[in-house]
Amino acid sequence: MSFDNEDLGNNIFLNAVKAFSPLKIRLGGSLQDKVIYGTRDNQQPCTPFVHNTSQMFGFTQGCLPMNRWDELNSFFQKAGAKVIFGLNALAGRTIDSNGEAVGAWNYTNAESFIRYTVENNHTIHGWELGNELCGSGVGTRVSADQYAADTAALHSVVGNVYKNVEFKPLIIGPGGFYDSDWFKEYINKTIKSLDVATHHIYNLGAGVDPHLVEKILDPSVLEGESGTFSGLQNIIKSSPTSAVAWVGEAGGAYNSGHNLVTNAFVFSFWYLDQLGMASNALLWHRLMGRNVLSTRFTGTEKIRSYTHCAKQSKGITLLLINLDNSTTVQAKLAFNSTLTLRHMHRSRIWHHQHKIHRTTIITLPKGMAAKITREEYHLTAKDGNLQSQTMLLNGKVLSVNSSGIIPPLEPVYVISRKPIMVAPLSIVFAHMPGVIVPACKLQS
């Protein structure tokens with residue numbers, strides 16, 4: 001969305017945000033470090049962005065009027081969203097000959113904006129400093145040492161402005177691409193000032209790439225981001241910081257993606273797989289709890305599998321993503337202390353005109369009656385066209401009605417002892433309320 005021209009009266013948009021409540025929405029992106037805030041003490045004209053190819057990021061400086069900020073907050077309050085606001089981190093700096101932004105962050109305008117926000121009772125979940133200025137940066141960069149000092153300054157400003165406010169927002173940064181050395185230095189120098197370390201994901205490359213669909217269906221490409229997740233977690237674990245890691249922005253393919261790919265069914269494979277690896281989508285929001293269970297699928301690399309304790313319900317929820325275009329997989333679950341999916345044998349039979357050459361044998365926990373059922377949600381593309389913008393849930397079209405209301409997401413019920421059938425190029429969520437594992441008993 002664009003903060004300056006998004007239609008806040010659009011019911012489809014409102015209902016979508018409501019459905020994910022309490023959704024965290026980040027207001028930020030490429031132009032956030034060129035935004036000034038139209039507070040009373042701002043000495044510059046509050047004018048919108050103007051396209052200018054000679055300027056960094058292709059636009060002039062722009063301004064957020066406070067009346068528009070009030071409208072946005074009214075919308076987010078109505079929608080039940082938690083707002084993360086990305087602050088301009090380039091204010092007061094100069095760009096030197098090697099492309100680095102030097103000098104300390106001038107937080108005067110940002111502090112005035114934060115104070116206006118508090119005085120007008122707008123609740124902000126977190127303030128994030130800067131966009132893609134870490135590491136080698138995009139457009140320009142800031143050293144880790146300077147960024148840590150600026151984060152400490154933001155922490156001090158927020159602490160001062162919110163000193164008499166019950167709810168204290170999170171301090172978030174750096175909102176950029178992962179660079180191990182830069183992040184390690186930054187995190188170790190923000191032990192007392194940073195709550196959340198954010199990084200961005202665009203592991204599919206440029207949106208103009210004609211091979212995006214093939215990349216999305218390639219397990220090795222999907223798996224490539226796992227190094228970022230583990231690397232950042234290791235830095236945090238080895239540091240005395242109390243900060244946690246978030247993915248602050250993830251579009252898969254940069255430069256606005258690719259029409260009929262990143263806005264079509266096929267993109268669900270990338271999106272849900274990244275959620276699974278990050279372990280932290282409406283069906284995901286409703287079904288997958290916060291506790292993550294160790295899950296392993298062997299026998300074919302074309303199946304991606306993730307398991308969580310069920311959300312606001314008993315049992316577990318399993319996500320199976322089939323990247324194969326001709327193989328239907330029959331999956332049965334084998335449970336041990338870490339919940340493992342084990343490939344046991346192969347069969348060469350035909351099913352619904354698709355070959356099933358791998359079957360995963362699963363033994364349900366002892367004492368589970370044959371009549372106990374699980375809930376399954378099968379997602380496929382209309383007419384089998386991966387680039388379709390129409391998704392089917394259990395064979396039925398998912399679409400909003402004329403009032404923009406999201407339809408009920410109804411499962412099919414399957415006897416638990418039966419295998420989970422995962423059709424080619426499909427996604428299955430399976431909620432098993434009868435499966436109780438120790439880790440889920442600890443879930444809050």
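Trainee: How many disulfides does the count come to?
Mentor: A disulfide is a covalent bond between the sulfur atoms of two cysteines. The rule applied here takes a pair of cysteine sulfur atoms within 2.5 Å, and by it the count comes to two disulfides. Please note that this is a predicted model, in which local features need pLDDT of at least 70, side-chain atom pairs count only at pLDDT 80 or more, and totals for chains, interfaces and linings use all residues. Residues are numbered from 1 along each chain as its sequence is written, and side-chain values use heavy atoms, with hydrogens and water left out.

Trainee: Which residue does the disulfide join to Cys 46?
Mentor: Cys 46 is joined to Cys 63, with an S to S distance of 2.0 Å. The torsion about this S-S bond is -90°, and the link of Cys 46 and Cys 63 is left-handed. Distant parts of the chain are linked by the pair: Cys 46 lies in the loop between β2 (35–38) and β3 (62–65), and Cys 63 in strand β3, 17 residues apart. Helices (H or I, at least four residues) and strands (E, at least two) are DSSP runs, numbered from the N terminus.

Trainee: Where are Cys 309 and Cys 440 in the chain?
Mentor: A disulfide joins Cys 309 to Cys 440, with S to S at 2.1 Å. The pair links distant parts of the chain, with Cys 309 in strand β14 (residues 303–310) and Cys 440 in helix α11 (residues 438–441), 131 residues apart. The disulfide of Cys 309 and Cys 440 is left-handed because the torsion about its S-S bond is about -95°. Cys 309 is buried, with a relative accessible area of 0%, and Cys 440 counts as buried at 17%.

Trainee: What pattern do the disulfides of the protein chain follow?
Mentor: With bonded cysteines counted along the chain, the pattern is 1-2, 3-4.

Trainee: How should I read the surroundings of a residue, for example Asn 131?
Mentor: Contact means heavy atoms within 4.5 Å. Asn 131 is found in the loop between β7 (126–129) and α4 (144–161), and at 3% relative accessibility it counts as buried. Leaving aside neighbours within four places in sequence, Asn 131 is in contact with several residues, including Arg 26, Asp 33, Tyr 147, His 200 and Glu 249.

Trainee: Is Glu 223 buried, partly exposed or exposed?
Mentor: Glu 223 counts as partly exposed, at 36% relative accessibility. Its place is in helix α7 (residues 219–223). With neighbours within four places in sequence left aside, Glu 223 is in contact with Met 277 and Arg 304. The C-alpha atoms of Glu 223 and Met 277 are separated by 8.4 Å, although these residues are 54 apart along the chain.

Trainee: What can be said of the protein chain as a whole?
Mentor: Its secondary structure comes to 11 helices and 25 strands. Buried residues make up 48% of the 444 residues in the protein chain. The C-alpha atoms fill a box of roughly 75 × 50 × 45 Å, taken along the principal axes.

Definitions and conventions
Buried < 20%, exposed > 50% of the residue type's maximum accessible area, 1.4 Å probe, protein only.
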